[in-house]
Amino acid sequence: MSDMPWVRFFASDWLAGTRGMSAAETGIYITLVASMYERGAPVPEDHLRLARLCGASSAAFKAALESLISDGKIRRIDGGLWNGRVDKECAIRSEKSLAGKQAARARWRKAEQNQAAADADAVLPHSVGTASQKPETRPRETEASCKKRGSRLPQGFSPDFDDAAKAGLSPDEAAREAEKFRDYWISQAGQRGVKLDWPATWRNWCRNAAERRPRPPPQRKRTFVDVAMDRLGASHGPESLFGAHRNVEFFPPDGGQCRPDDADL
């Protein structure tokens, strides 16, 4: 079998070249041409075998063959029957195949040269040095040993209540936060439930809980009225509120009102 599994076929050229032929001549012509492409060589002129191949009688095949030879479609050569268009297509295919092989070899040579240069560059830093240098004996830490992997919350993890006390939580608050801590992280799915350091995660949890506690309202600054009410609560007598000064009168905070003389106070 030839190394030409396909060939170029120009429909207009075929129709123009077979115009005026009978159906038998056209069928025998295309069968012979296809056999030449398949073999990649001339077809032996065996009329009986070729007649069976073309599905025609020996007489019909012989008549059609002689007509094709007289029209110049088929040629008789030493190797058998041949066609000029088949010869041209085989030559074109051989040239393209040769050019493709040469291009492939050139690519391979270039790839080998590039690989050799890369290997030389990789070996050069290791070969540069003096004879007095000693090889490094310290074992290299692998990436797997340097990289710490996280884990989910251990089954028997016990939060440290001292860390909760340092964060400002009372014992009762620490116990409640410990239950919330366990339930929260056990319910987390996938990577959200994986941590590198669970004690550190607990300490952060306590700090956040302490910050979320409601803060008492700021203490109001005591005024003169607060002091006066404290004294009044101790004793209802005027001496307890104003001491020995009995001639004290209250006036609204209006600058236009008259005030008592200093002698009356």
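I began with Gly150, which sits in the loop between helix H6 (143-146) and helix H7 (161-166). A reminder to myself: this is a predicted model.

I then looked up what Gly150 touches, setting aside neighbours within four places in sequence, and got Val194, Lys195 and Leu196. I also checked Gln191, 41 residues from Gly150 along the chain, and the two C-alpha atoms are separated by 9.2 Å.

**Helices H8 and H9**

Next I turned to a helix pair. Two packed helices are described by the angle between their axes and the distance between the axes. For H8 (residues 171-187) and H9 (residues 198-212), I noted axes that come within 11 Å and cross at roughly 125°. Angles from 65 to 115 degrees count as roughly perpendicular and those over 145 as roughly antiparallel; H8 and H9 are therefore oblique to each other. I logged the crossing of H8 and H9 as right-handed. On the H8 side, the contact is made by Ala174, Glu177, Ala178, Lys180, Phe181, Tyr184 and Trp185. H9 brings Trp198, Thr201, Trp202, Trp205, Ala209 and Arg212 to this contact.

**Helix H3**

Which residues of H3 (residues 47-54) are buried? My list has Leu50, Ala51 and Cys54. These three lie on the same side of H3, because they cover an arc of only 105° around the axis.

What covers the buried residues of H3? I found that the cover includes helix H2 (23-39), helix H4 (58-70) and strand S2 (80-82). Just after H3, I jotted down Gly55, with a positive phi of about 70°.

**The whole chain**

Last, I stepped back to the overall picture. I counted eleven helices and two strands, and reading along the sequence gave me α-α-α-α-β-β-α-α-α-α-α-α-α. Of the 265 residues, 20% count as buried. The protein exposes about 20,500 Å², and carbon and sulfur atoms supply 54% of that area. For contacts between residues at least 6 apart in sequence, I noted that 60% join residues at least 24 apart.

Technical notes: Residues numbered from 1 in each chain as written. Predicted model: local features only at pLDDT ≥ 70, side-chain atom pairs only at ≥ 80, totals over all residues. Heavy atoms only, no water. Helix = DSSP H or I, 4+ residues; strand = E, 2+ residues; numbered from the N terminus. Buried < 20%, exposed > 50% of the residue type's maximum accessible area, 1.4 Å probe, protein only. Contact = heavy atoms within 4.5 Å. Areas by Shrake-Rupley, 256 points an atom, 1.4 Å probe, with all protein chains shown as cover. Arc of directions from axis to C-beta. Axes fitted to C-alpha atoms, helices over the stretch in contact; angles between N-to-C directions. Parallel < 35°, antiparallel > 145°, perpendicular 65-115°, else oblique. Left-handed = near helix turned anticlockwise from the far one by under 90°.
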